[in-house]
Each structure stands twice: as C-alpha cells, then as structure tokens.
Amino acid sequence: PLKIDAKHFTCMNRCRFFWGNIPGLKRPIMPVDNPVTLQECLESRCGRSARVEKINCVTSRKRTETAPAPVLMEGQTDGLWTTELERVFGLEPHYTDVGNMSNTSRLKLLGKSWSVHVMKHILAPL
C-alpha cells in the first residue's frame, strides 16, 4: 500500500492508504506550487477568516471540543460550513446537496469521501 496525505495538495491533514495496480501509483508526490488554502475555501462574502493553516482530518464524526475551531466570524470561533468542506475536498459548493439529504448526512458523506486532489494525483498516469 501507498500512504498519501491530502496535506500535500490542500489545507487538510488526511492521511490514507491506497493500493492497486495503477501504473505509477507509487511515484513520488511532487509538491504542488499553490496548494489550496483554507482561506480560499471559506465563504468570503460572510467575513469568515481562517484561524489555522490546515484542518485536522475530516471524519464522519462530530468535531470534538478539544479541536480548535478553524474559523473566525464576527469575532466568534466557528466550524467549517458544509460548502466550505466541499471546497476543501476539491468539490463544487453544494455538490452533496442532493434530494432531501440533511446537513448531518452531507457531513458524514464528506467524512467518508476521498479528496479530489489526491485522486487526481493517483489517476494522473492513466
């Protein structure tokens, strides 16, 4: 298996193992010139600002109070909104907004997802 961390491509620490027979799968990870920053993923019209450079691994579980809130909005700390998390994963805003899926279900879905940035790296040789 190959261990790839999304931190090389985006503002999220998300280390995962991948294995398969894709040609070039085990090639070295080349540093990205302009990795996605957390500030770029935030809703800019709402005056939200990033308090951290990288967020911890996103899972399908709720954020614990021991983890610092990554966003500052109107002087208050806040967590990431679903559309902001979608951007962190490399998805378009509202990508998971389908049917009557609740916000909690959308967050759980993202917690079980692969980062688009990492998948591009894995599939690039094809």
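The legends below describe close-up views of a predicted model. Residues are numbered from 1 along each chain as its sequence is written, and side-chain values use heavy atoms, with hydrogens and water left out. Because the model is predicted, local features need pLDDT of at least 70 and side-chain atom pairs count only at pLDDT 80 or more, while totals for chains, interfaces and linings use all residues.

**View 1. The salt bridge between E43 and R87.** The closest N and O atoms of E43 and R87 are 3.1 Å apart. E43 lies in the loop between α1 (38-41) and β3 (48-50) and R87 in helix α2 (residues 82-88), so the pair ties together parts that are 44 residues apart in sequence. A salt bridge here is a side-chain nitrogen of Lys or Arg within 4 Å of a carboxyl oxygen of Asp or Glu. Helices (H or I, at least four residues) and strands (E, at least two) are DSSP runs, numbered from the N terminus. E43 is buried, at 11% relative accessible area. R87 is partly exposed, at 22%. Buried means under 20% relative accessible area, exposed over 50%, and partly exposed in between (1.4 Å probe, protein chains only).

**View 2. R48 and its partners D78 and E84.** R48 and D78 form a salt bridge with the closest N and O atoms 2.7 Å apart. R48 sits in strand β3 and D78 in strand β5 (residues 76-78), so this pair ties together parts 30 residues apart in sequence. R48 is buried at 3% relative accessibility, whereas D78 is partly exposed at 26%. R48 also meets E84 in a salt bridge, at 2.6 Å from N to O. That pair links distant parts of the chain, with R48 in strand β3 and E84 in helix α2, 36 residues apart. Both R48 and E84 are buried. Elsewhere, salt bridges that share partners join E43, R45 and R87 into one network. The model has 5 salt bridges by this rule.

**View 3. The largest cavity and its lining.** The model holds 1 cavity of 30 Å³ or more. About 50 Å³ of space lies in the largest cavity. A cavity is a set of points on a 1 Å grid over the protein atoms alone where a 1.4 Å probe fits but cannot get out, and lining residues have an atom within 4 Å of a point. Grid points are joined across faces, edges and corners; the volume is the space filled by probe spheres set on the points. I4, A6, R14, R16, F18, S113, W114, S115 and V118 line the cavity. By class, the lining has 5 nonpolar, 2 polar and 2 charged residues. Ala, Val, Leu, Ile, Met, Phe, Trp, Tyr, Cys and Pro count as nonpolar, Asp, Glu, Lys and Arg as charged, and the others, Gly among them, as polar.

**View 4. A nonpolar surface patch at V98, M101 and L109.** The patch covers about 230 Å². Its residues have over 30% relative accessible area and no salt bridge, with nonpolar side chains (Val, Leu, Ile, Met, Phe, Trp, Tyr) joined within 5 Å. Areas come from the Shrake-Rupley method with a 1.4 Å probe. L109 is in helix α3 (residues 103-111) and is partly exposed, at 40%.

**View 5. Positive phi at E74 and H94.** E74 is not a glycine, yet its phi is about 50°. It lies in the loop between β4 (71-73) and β5 and is exposed, at 71% relative accessibility. H94 has phi near 70°. H94 is in the loop between α2 and α3 and is partly exposed, at 48%.

Definitions and conventions. On a 1 Å grid over the protein atoms alone, a cavity is a set of points where a 1.4 Å probe fits but cannot get out, and a pocket is an open set with protein on both sides within 12 Å along at least five of seven lines; lining residues have an atom within 4 Å of a point. Patches are made of residues with over 30% relative accessible area and no salt bridge: like charges are joined within 9 Å, nonpolar side chains (Val, Leu, Ile, Met, Phe, Trp, Tyr) within 5 Å.
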